[in-house]
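Me: I would like to go through this model with you. Shall we begin with the side chains and then turn to the strands and helices?

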Amino acid sequence: SELAHRASRFVVAVTGGQVAACAELAPLSGAVAEVRSLVVHRDVRHEGVGRQLVDELVRRARVQGFDTLSAFTHGPGYFVRMGFSIVPHHWMREKIVADCQACALFRKCGQSAVVLSLTETGRGGRPPRA
């Protein structure tokens, strides 16, 4: 049932009849969504497939009314090249409450928090306060 509930949040790239990449747009609050489960098959890396998926998630997040799109990643440079900003983890209160506090690697996961403001009034990538 969890898969059925989340399936509509995924975008999938198919090449040659095979799944080449996927990514999920996961709401964290009414204002903040997260890029999750971004995976690109090694055979199509460096072809822009991941960027296309993130661009589609940005479009969907805007349509759905989110102010900020975030991601937690071991490769922040990838997102920075797409306009995201690296921010302190504590700026992402929604993510910490939703996922991080219960994680065995909380405060030592090595991931970077990145955000992209989806509004013209965004504050340098910092998500608006609720």
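Me: Is Phe-79 buried or exposed?
Reply: This is a predicted model. In it, Phe-79 has a relative accessibility of 5%, so Phe-79 counts as buried.

Me: Which ring pairs with Phe-79 at 80 degrees between the planes?
Reply: That is the ring of Phe-84, with the two centres 5.1 Å apart, so the pair is edge-to-face. Phe-84 is likewise buried, at 3% relative accessibility.

Me: How many aromatic pairs are there?
Reply: The count is 2. Tyr-78 and Phe-79 form an edge-to-face pair, 5.6 Å centre to centre with 85 degrees between the planes.

Me: What is the relative accessible area of Tyr-78?
Reply: Tyr-78 is at 30%, which makes it partly exposed.

Me: Which ring does the charged end of Lys-95 sit over?
Reply: The ring of Phe-72, at 5.7 Å from its centre.

Me: Now the sheet. In what order do the strands run?
Reply: The open sheet has 6 strands in the order S1-S2-S3-S4-S6-S5, with mixed pairing. Its edge strands are S1 (10–15) and S5 (85–87), each pairing on one side only.

Me: In which sense do S1 and S2 pair?
Reply: S1 and S2 (residues 18–27) pair in the antiparallel sense, over 6 bridges. Val-14 has Val-19 in S2 as its bridge partner.

Me: Which strands does helix H2 lie across?
Reply: Helix H2 (residues 49–63) lies across S1, S2, S3, S4 and S6, at about 30 degrees to S2. Helix H4 (residues 93–100) also packs on the sheet, where H4 touches S3 and S4.

Technical notes: Residues numbered from 1 in each chain as written. Predicted model: local features only at pLDDT ≥ 70, side-chain atom pairs only at ≥ 80, totals over all residues. Heavy atoms only, no water. Phe/Tyr/Trp six-rings, centres within 6.5 Å; stacked < 30°, edge-to-face > 60°. Buried < 20%, exposed > 50% of the residue type's maximum accessible area, 1.4 Å probe, protein only. Lys NZ or Arg CZ within 6 Å of the ring centre and 35° of its normal. Pairing = 2+ DSSP bridges. Helix = DSSP H or I, 4+ residues; strand = E, 2+ residues; numbered from the N terminus. Contact = heavy atoms within 4.5 Å. Axes fitted to C-alpha atoms, helices over the stretch in contact; angles between N-to-C directions.
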